[in-house]
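Please look over the sequence and the model before reading on.

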Amino acid sequence: MIRVGVIGACGRMGLMVCRALADSDDFALVAAIEVEPALELAGQGGPSLAASLADALAGGADVAVDFTAPPGAAAACEAAIAARVPLV
């Protein structure tokens with residue numbers, strides 16, 4: 001099973017990715033990362049919403065999927081490199 005962290009988990013596309021991962025037998029959602037902590041993954045079970053990229057990626061993700069807005073992509077890339085987690 002591939003463990004996945006989703007960066008931008010509360011956006012339109014991030015929510016879709018989280019739902020697809022929750023329904024998959026091949027992937028496990030291990031980190032839902034959002035920089036806006038007031039937002040929640042409505043109706044989604046699984047990991048707690050995290051605001052710290054570094055902490056969330058250190059939690060055992062095999063890969064991270066970035067669905068942030070363009071200004072957030074650089075921070076996501078830097079955090080993934082630091083955590084040695086491949087970023088898609």
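Is Asp62 buried, partly exposed or exposed? Asp62 counts as partly exposed, at 31% relative accessibility; buried means under 20% relative accessible area, exposed over 50%, and partly exposed in between (1.4 Å probe, protein chains only).

## Basis of the model

This is a predicted model, in which local features need pLDDT of at least 70 and side-chain atom pairs count only at pLDDT 80 or more, while totals for chains, interfaces and linings use all residues. Residues are numbered from 1 along each chain as its sequence is written, and side-chain values use heavy atoms, with hydrogens and water left out.

## Overall layout

The protein has three helices and four strands, arranged along the sequence in the pattern β-α-β-β-α-β-α. Helices (H or I, at least four residues) and strands (E, at least two) are DSSP runs, numbered from the N terminus.

Of the 88 residues, 35% count as buried. Among contacts (heavy atoms within 4.5 Å) between residues at least 6 apart in sequence, 57% join residues at least 24 apart.

## The salt bridge

The structure holds one salt bridge, a term for a side-chain nitrogen of Lys or Arg within 4 Å of a carboxyl oxygen of Asp or Glu. Asp62 forms it with Arg3, and the closest N and O atoms are 2.7 Å apart. The pair connects distant parts of the chain: Asp62 lies in the loop between helix H2 (53-57) and strand E4 (63-66), Arg3 lies in strand E1 (residues 2-7), and the two are 59 residues apart. Arg3 is partly exposed, with a relative accessible area of 38%.

## The cysteines

A search of the whole structure finds zero disulfides, a disulfide being a pair of cysteine sulfur atoms within 2.5 Å. The sulfur of Cys10 has its closest cysteine sulfur in Cys18, 7.7 Å away, which is too far for a bond. Cys10 counts as buried at 14% relative accessibility, and Cys18 counts as buried at 1%.

## The surface

The protein exposes about 5100 Å², of which carbon and sulfur atoms supply 58%; accessible areas come from the Shrake-Rupley method with a 1.4 Å probe, and for residues only the protein chains shown count as cover.

Met13, Met16 and Phe67 make a nonpolar surface patch of about 260 Å². Patches are made of residues with over 30% relative accessible area and no salt bridge, with like charges joined within 9 Å and nonpolar side chains (Val, Leu, Ile, Met, Phe, Trp, Tyr) within 5 Å. Phe67 sits in the loop between E4 and helix H3 (70-83) and is partly exposed at 35% relative accessibility.
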